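Hi everyone, thanks for coming.

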Amino acid sequence: MTVPTGRRERKKAVTRQKIADAALRLFLERGYDAVGIRDVAAEADVAVTTLFSHFASKEALVFEQDEDFEQRLTRAVTDREPHEPLIPALRREIQALVRHCTADSAAPIWRMIDASPALREYEESMRLRHAESLATAIAADPGLSPTPTACRAIARFVIDAYSLARAAADPKATVDEIFRMIEAGWEVTCPSANSTATAGP
């Protein structure tokens with residue numbers, strides 16, 4: 001998670017986390033559909049307007065790490081070591097994200113998401129947005145030269161690898177298997193990037 005630096009930012013982060021924790025607690029206790037925005041605001045002891053200043057919708061309360069997830073994916077591209085190939089850097093980050101989201105404590109949350117059409121739809125739109133952000137980061141890398149279509153395709157495959165691994169019996173093996181296919185496709189699409197990969201300033 002991105003750590004806020006200023007006092008105001010830290011205070012906002014604490015409030016945001018308090019709201020997210022209250023929402024998750026109520027959703028798991030009562031069921032997602034049985035809890036309203038006012039219930040969450042009351043549980044977190046904040047005004048409804050304060051809640052909406054941090055979360056744009058009820059669905060966003062469930063995916064409170066959405067922005068952090070997106071930033072971690074793009075930083076896997078922009079902050080990787082000089083000359084580190086792109087695909088191994090992305091595989092390492094996806095493995096870390098999958099480990100986090102397949103912890104035992106996350107299982108009730110994913111059961112709730114899978115049982116809610118609204119949350120599944122929100123998750124799908126979130127994945128598409130993450131893929132677009134990742135594609136933009138790949139396209140902007142000066143050491144790479146893929147076409148826009150290749151950037152978007154690779155980004156979608158990476159995001160799908162996370163989704164498939166999360167639901168797999170062996171998440172790590174699933175990530176490794178999918179990334180072997182991703183790497184093979186990347187080598188065909190952008191062969192020079194595998195030998196001359198660059199990153200960072």
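Let's start with a charge on a ring: R166 lies over the face of W110, 3.5 Å from the ring centre. There is another case to look at, with K58 placed over the face of Y32 at 4.2 Å from the ring centre. Please keep in mind that this is a predicted model.

Now to rings meeting rings. A pair of aromatic rings is described by the distance of the centres and the angle of the planes. How many aromatic pairs does the count come to? It comes to three. One of them is F63 with Y122, a stacked pair with 5.4 Å centre to centre and 20° between the planes. F63 sits in the loop between helix 4 (58-62) and helix 5 (66-78), while Y122 belongs to helix 8 (residues 117-140), so this pair ties together parts 59 residues apart in sequence. F63 itself counts as buried, at 8% relative accessibility.

Then we have F69 and Y162. Their ring centres are 4.9 Å apart and the planes stand at 70°, so this pair is edge-to-face. Here F69 comes from helix 5 and Y162 from helix 9 (residues 148-166), which means that parts 93 residues apart in sequence are tied together. Are these two residues buried or exposed? F69 is buried, with a relative accessible area of 12%, and Y162 is buried too, at 6%.

On to the salt bridges. Searching the whole structure gives twelve of them. Among them is D66 with R129, whose closest N and O atoms are 2.7 Å apart. Since D66 is in helix 5 and R129 in helix 8, the pair ties together parts 63 residues apart in sequence. D66 is buried, with a relative accessible area of 12%, whereas R129 is partly exposed at 34%. These two are also part of a network of salt bridges that links D66, E70 and R129.

Another bridge joins the side chains of E183 and R91, at 3.6 Å from N to O. E183 lies in helix 10 (residues 171-189) and R91 in helix 6 (residues 86-101), so the parts tied together are 92 residues apart in sequence. E132 and R152 also meet in a salt bridge, at 2.8 Å from N to O, and this one connects helix 8 with helix 9.

Finally, a word on annotation. An unreviewed UniProt entry lists residues 36-55 as "DNA-binding region". In the model, that stretch is 75% helix and 0% strand, with its end C-alpha atoms 14 Å apart.

Notes. Residues numbered from 1 in each chain as written. Predicted model: local features only at pLDDT ≥ 70, side-chain atom pairs only at ≥ 80, totals over all residues. Heavy atoms only, no water. UniProt positions renumbered as here; feature names shortened; annotations may be inferred. Helix = DSSP H or I, 4+ residues; strand = E, 2+ residues; numbered from the N terminus. Phe/Tyr/Trp six-rings, centres within 6.5 Å; stacked < 30°, edge-to-face > 60°. Buried < 20%, exposed > 50% of the residue type's maximum accessible area, 1.4 Å probe, protein only. Lys NZ or Arg CZ within 6 Å of the ring centre and 35° of its normal. Salt bridge = Lys/Arg side-chain N within 4 Å of Asp/Glu carboxyl O.
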